[in-house]
Amino acid sequence: MNDTSHKHFMRKAIQWAQKGQEIDGGGAFGAVVVKDGEVIAEGYNQVGLTQDCTQHAEIAVILEACKKLGSKSLEDCILYTSCEPCLMCLGATRWASLSVIYFGASAEDAKKAGYIYSDLFYSSTTEKRYNEFNLKQLLQAEAVAVWKRTL
């Protein structure tokens with residue numbers, strides 16, 4: 001896929017984050033799973049709606065994509081997420097074998113907005129995380145803007 005396609009799917013993830021922010025019980029984080037240029041699963045943080053602390057946007061769309069594809073492996077899929085995944089979500093991406101992960105806002109952006117990750121996460125180096133999990137940042141300002149509209 002080209003840069004225009006990646007930006008298109010990242011904007012979809014950011015739009016889901018905005019939708020999640022606007023829905024009572026939703027969360028301001030969105031994600032999209034894409035395979036061969038087609039959306040397989042998309043959505044937003046469901047923690048407040050489900051009262052399930054594991055239902056971050058990334059986990060929700062990974063679960064949906066696996067069900068739709070009938071596989072625990074998403075090795076030929078790309079995850080677009082409005083924010084850099086937390087440790088729990090990074091673990092899920094590893095087990096799902098996603099090809100690459102594009103994210104909008106960084107963990108530091110999330111921290112500045114009041115979404116605090118664990119000390120373990122912040123003590124790891126950004127470069128090592130990005131390399132190990134094949135993380136690529138895209139459309140940071142647009143992703144961060146979702147939080148600024150609601151603060």
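Visitor: Which is Gln51, buried or exposed?
Guide: This is a predicted model, in which local features need pLDDT of at least 70, side-chain atom pairs count only at pLDDT 80 or more, and totals for chains, interfaces and linings use all residues. Residues are numbered from 1 along each chain as its sequence is written, and side-chain values use heavy atoms, with hydrogens and water left out. Buried means under 20% relative accessible area, exposed over 50% and partly exposed in between (1.4 Å probe, protein chains only). Since its relative accessibility is 68%, Gln51 counts as exposed.

Visitor: Near what value is phi of Gln51?
Guide: Most residues other than glycine have a negative phi. Gln51 sits in the loop between helix 2 (47-50) and helix 3 (57-69); helices (H or I, at least four residues) and strands (E, at least two) are DSSP runs, numbered from the N terminus. Gln51 is not a glycine, yet its phi is positive, near 60°.

Visitor: Where is Leu139 found, and is this residue buried or exposed?
Guide: Phi of Leu139 is also a positive value in a residue other than glycine, near 60°. Leu139 is found in the loop between strand 5 and helix 8 (140-148). With a relative accessibility of 16%, Leu139 counts as buried.

Visitor: What is the relative accessible area of Asn134?
Guide: Asn134 lies in the loop between helix 7 (126-133) and strand 5 (135-137). Leaving out residues up to four places away in sequence, Asn134 touches Ser99, Val100, Ile101 and Arg129, where contact means heavy atoms within 4.5 Å. Asn134 is partly exposed, and its relative accessible area is 30%.

Visitor: How far apart in space are Asn134 and Val144?
Guide: Along the sequence, 10 residues separate Asn134 and Val144. From C-alpha to C-alpha, the two residues are apart by 21 Å.

Visitor: What is the relative accessibility of Gly30?
Guide: Gly30 belongs to strand 1 (residues 27-35). Among the residues that Gly30 touches beyond four places in sequence are Ala13, Trp16, Tyr44 and Tyr80. Gly30 counts as buried, because its relative accessibility is 0%.

Visitor: Which residues touch the most other members of the largest nonpolar core?
Guide: A nonpolar core is a set of buried Ala, Val, Leu, Ile, Met, Phe, Trp, Tyr and Cys residues joined through side-chain atoms within 4.5 Å. The largest nonpolar core has 49 residues. Those that touch the most other members are Met10, Val33, Leu74, Tyr80, Tyr117 and Trp147.

Visitor: Which residues does Met10 touch, not counting those up to four places away in sequence?
Guide: Met10 is one of the residues with the most contacts to other members of the largest nonpolar core. Beyond four places in sequence, Met10 touches Tyr80, Thr81, Tyr102, Phe103, Gly104, Leu138 and Leu139.

Visitor: What is the radius of gyration of the protein?
Guide: The protein has 8 helices and 5 strands. The globule rule, 2.2 Å times the number of residues to the power 0.38, is compared with a radius taken over C-alpha atoms. For 151 residues the rule gives 15 Å, and the protein is as compact as a globular protein of that length because its radius of gyration is close to this, at 14 Å.

Visitor: What share of the 151 residues is buried?
Guide: Of the contacts with a separation of 6 or more, 61% join residues 24 or more positions apart. Buried residues, out of the 151 in the protein, make up 46%.
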